[in-house]
Amino acid sequence: MNGKVLGSIAAVVVVAAAAAGYFFFGAEKKVMLGDIELYVFVQSTTTPELAVIDVAHEELVTRLRLAAVPDEMVVAKEPKRVIYANRASKTVHIYDIATQADDAAITLPFSPDNMVMSPDSFMIAVTDTETGQFATIDIEATLDAAHNQGTGTALFTESDLTDKRLGFILEQTFYRPSKVVFSDDSVFVFIADSLTGILNTIDTASGAVLDPIQLSLHVNAVDDPDGDELSALTRTPDGLYGLVTQNTDGFVSIINMRSWAENMVLRVGRGASRAYGTADGIYMMVGNDLDKTMTVLKTDPWEVSATLPAVAGVTSISTGFFEKLAYVVSNPENRVAVINLETLTNDAYIDLPGGPGVGIADADGKKLYVPLHDSNSLAVIDIYNKRVHKIIPNVTEAPWGVAMASTNNYCH
């Protein structure tokens with residue numbers, strides 16, 4: 001067989017392979033992933049994929065193809081799964097990075113536009129802000145049911161939540177339930193209602209709606225059509241207190257979780273965002289968007305320690321370096337304010353080459369990972385040295401959220 005014939009055969013093979021969507025010699029290989037705690041997961045807001053970043057080498061390992069765009073995402077340390085939700089398909093997916101496939105997909109009767117995970121990582125709560133609907137999903141029970149069905153992705157309907165005891169869907173609806181959080185022991189779920197100024201309380205075992213906690217903070221529906229005036233409840237690490245902020249006027253309600261009642265109200269700053277806490281529980285922090293400040297609250301006794309220059313448009317507040325530094329991330333300003341919690345001073349501003357989404361600190365409090373939404377990249381910030389350590393390019397399309405199995409962030 002001469003060279004021309006061999007060349008023609010090779011050309012035909014290449015064309016056929018191209019038509020099939022890949023080349024046999026250049027096909028993308030499946031990357032085998034290790035323990036889920038070794039990675040940072042970056043959520044795309046437009047593409048059905050999940051970027052996986054190796055935290056040791058600070059590099060993109062792979063992009064995992066998903067069944068749907070991950071509009072919402074959390075990572076369960078146990079049972080080592082990524083859970084993501086898609087609004088358009090009304091589905092919640094439990095994804096295994098070991099097999100790189102969904103274990104299960106649950107179809108809900110509403111679009112899940114808000115999802116939170118319980119502190120013990122065994123349960124998730126999902127809500128639809130438009131319709132006010134609420135549901136919970138037991139991750140372990142769903143995985144067991146999926147295993148009993150055999151290989152492939154197990155598909156569950158809303159009736160399966162009750163019939164197979166995988167969770168529950170409440171008949172009662174709530175006003176704009178975007179502010180949802182679990183109690184520290186995962187026994188209760190709280191939903192802030194800014195129209196009535198209450199915390200609705202749901203028993204996660206029975207689905208019973210219990211007596212609400214009345215707050216002195218609320219506004220009328222005309223002034224708050226989106227239901228955003230009250231933040232989600234942020235607990236202190238010991239679970240003794242919870243904080244709910246009121247946005248426009250800048251107040252914080254301090255709730256005693258033992259007496260199930262509001263203890264006091266403190267003034268912070270205008271445009272107050274939700275409260276964030278240090279992992280040691282000494283301080284709670286509130287970014288004030290309209291004032292471009294951050295208020296530091298001392299927890300024992302409760303008092304305002306300082307209100308410091310910061311940023312507007314806060315997406316997240318993370319702490320690190322033995323809880324001595326707080327990083328306040330601003331999307332509209334493309335930068336991060338660094339607050340020294342020892343001296344109660346603004347130590348620095350770090351400029352970012354893009355609009356940041358929600359940042360997250362690693363378990364050691366040494367690195368802060370911030371997705372840059374408009375540049376498809378991920379910024380790695382050295383917390384101790386207060387600088388951008390590395391920009392990882394081409395991570396995923398329009399990234400916004402990041403998640404890790406273990407983190408220094410304490411936000412619920």
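Me: Let's start with Ala51. Which strand does Ala51 lie in?
Reply: Ala51 is part of strand S2, which covers residues 49-54. Keep in mind that this is a predicted model.

Me: Is Ala51 buried or exposed?
Reply: Ala51 is buried, because its relative accessibility is 0% and the cut-off for buried is under 20%.

Me: How far apart in space are Ala51 and Val252?
Reply: From C-alpha to C-alpha they are 36 Å apart. In sequence, 201 residues separate Ala51 and Val252.

Me: OK, salt bridges. How many does the structure hold?
Reply: There are 13 salt bridges. One of them pairs Asp71 with Arg87, where the closest N and O atoms are 3.7 Å apart.

Me: What does Arg270 bridge to?
Reply: The side chain of Arg270 meets that of Asp291, at 2.8 Å from N to O. This pair also links distant parts of the chain, 21 residues apart: Asp291 is in the loop between strand S22 (283-288) and S23, while Arg270 is in the loop between strand S20 (261-267) and strand S21 (272-277). Asp291 is partly exposed, with a relative accessible area of 32%, and Arg270 is partly exposed at 43%.

Me: What about Glu78? Which residue does it form a salt bridge with?
Reply: Glu78 forms one with Lys80, and the closest N and O atoms are 3.6 Å apart. Asp35 comes into it too: Asp35, Glu78 and Lys80 are linked in a network of salt bridges. Glu78 is partly exposed at 42% relative accessibility, and Lys80 is partly exposed with a relative accessible area of 27%.

Me: Switching to aromatics. How many aromatic pairs are there?
Reply: The count comes to nine aromatic pairs. One of them is Tyr241 with Trp302: the ring centres are 5.5 Å apart and the planes are at 75°, so the pair is edge-to-face.

Me: What does that pair tie together?
Reply: Tyr241 is in strand S18 (residues 241-246) and Trp302 is in strand S24 (residues 302-309), so the pair ties together parts that are 61 residues apart in sequence. Trp302 is buried, with a relative accessible area of 12%, while Tyr241 is partly exposed at 22%.

Me: Which residues do ring pairs link into a cluster?
Reply: Phe134, Phe168 and Phe174 are linked into a cluster by ring pairs.

Me: Next, backbone angles. Which residue has a positive phi of about 55°?
Reply: Leu344 does, although it is not a glycine. Leu344 lies in the loop between strand S27 (335-340) and strand S28 (345-351). Asn394 is also not a glycine and has a positive phi of about 50°. The loop holding Asn394 is between strand S32 (387-392) and strand S33 (399-403).

Me: Is Asn394 buried or exposed?
Reply: Asn394 counts as exposed, at 52% relative accessibility.

Me: Last one, the surface. Which residues gather in a patch of negative charge?
Reply: Asp120, Asp184, Asp185 and Asp238 do. Asp120 is in the loop between strand S8 (114-117) and strand S9 (123-127), and its relative accessible area of 33% makes Asp120 partly exposed.

Methods: Residues numbered from 1 in each chain as written. Predicted model: local features only at pLDDT ≥ 70, side-chain atom pairs only at ≥ 80, totals over all residues. Heavy atoms only, no water. Patch = residues over 30% accessible without salt bridge, like charges linked within 9 Å, V, L, I, M, F, W, Y side chains within 5 Å. Areas by Shrake-Rupley, 256 points an atom, 1.4 Å probe, with all protein chains shown as cover. Salt bridge = Lys/Arg side-chain N within 4 Å of Asp/Glu carboxyl O. Lys, Arg positive; Asp, Glu negative; His and termini not counted. Charge placed at Lys NZ, Arg CZ, Asp CG, Glu CD. Helix = DSSP H or I, 4+ residues; strand = E, 2+ residues; numbered from the N terminus. Buried < 20%, exposed > 50% of the residue type's maximum accessible area, 1.4 Å probe, protein only. Phe/Tyr/Trp six-rings, centres within 6.5 Å; stacked < 30°, edge-to-face > 60°.
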